[in-house]
Amino acid sequence: MKLWENFGGNELFLLITTAAAYFVYFLLIRRPDKLAKQIRILSLLWGMSIGILYDFTIGGGRTDFYKINDLNNYEVTDVLYYLLFAPFGYFFFYFYEKMKIGKKTFIIYVLVWALLGVFFQWVLTAAGIITLQKGYRIAHSFPIFLLTQTLTGVYIQVLKSKEQLSAAE
């Protein structure tokens, strides 16, 4: 693993974006309507795990549909990219609970998050953090985001049936 090929705009953008995402995360967990600690940790791990899972399946190996940062191999700043998934996992859980997503609003919520995922991937591609290759297009990610957000929503519903998601005051 290299430190980085050359520290440029994409690494700086990734650093700023990751810092901004964690800043928002820390603001949300200070709110009185925050999620319970165990749900918060679970949402962070869920977000990061899903991101790494997809990166290791379609972003590497035989498919290798995209590269992260400057190299097709791993570099230290790739860790920032993986860390970026964690707060978004929390945001999905947090707003799911705060917006009281139910059967009638589930599909809309999942669609909006899938579109946000595609938009964010476009931003990361424009910033030079993700480089698509082997004919892979951003539109191909929509069904992946749709499946991921649907599974995440179903997972939250299972959690909700077993325990309270919000922290008690």
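**Notes on aromatic pairs and one exposed lysine**

1. Lys 37 has 57% relative accessibility, so it counts as exposed (over 50% relative accessible area; buried is under 20% and partly exposed lies in between, with a 1.4 Å probe and protein chains only). Lys 37 belongs to helix α2 (residues 37-57); helices here are DSSP runs of H or I with at least four residues, numbered from the N terminus. Between Lys 37 and Leu 165 the C-alpha to C-alpha distance is 8.9 Å, although 128 residues separate them in sequence.

2. A word on the basis: this is a predicted model, where local features need pLDDT of at least 70, side-chain atom pairs count only at pLDDT 80 or more, and totals for chains, interfaces and linings use all residues. Residues are numbered from 1 along each chain as its sequence is written, and side-chain values use heavy atoms, leaving out hydrogens and water.

3. How many aromatic pairs does the structure hold? There are 20, counting rings of Phe, Tyr and Trp (its six-membered ring) whose centres lie within 6.5 Å. The ring centres of Tyr 90 and Tyr 94 are 5.8 Å apart with planes at 25 degrees, so this pair is stacked (planes under 30 degrees apart; over 60 is edge-to-face and the rest tilted). Both Tyr 90 and Tyr 94 are buried.

4. In helix α4 (residues 106-126), Tyr 109 and Trp 113 sit four residues apart, about one turn. Their ring centres are 6.2 Å apart and the planes meet at 55 degrees, so the pair is tilted.

Methods. Helix = DSSP H or I, 4+ residues; strand = E, 2+ residues; numbered from the N terminus.
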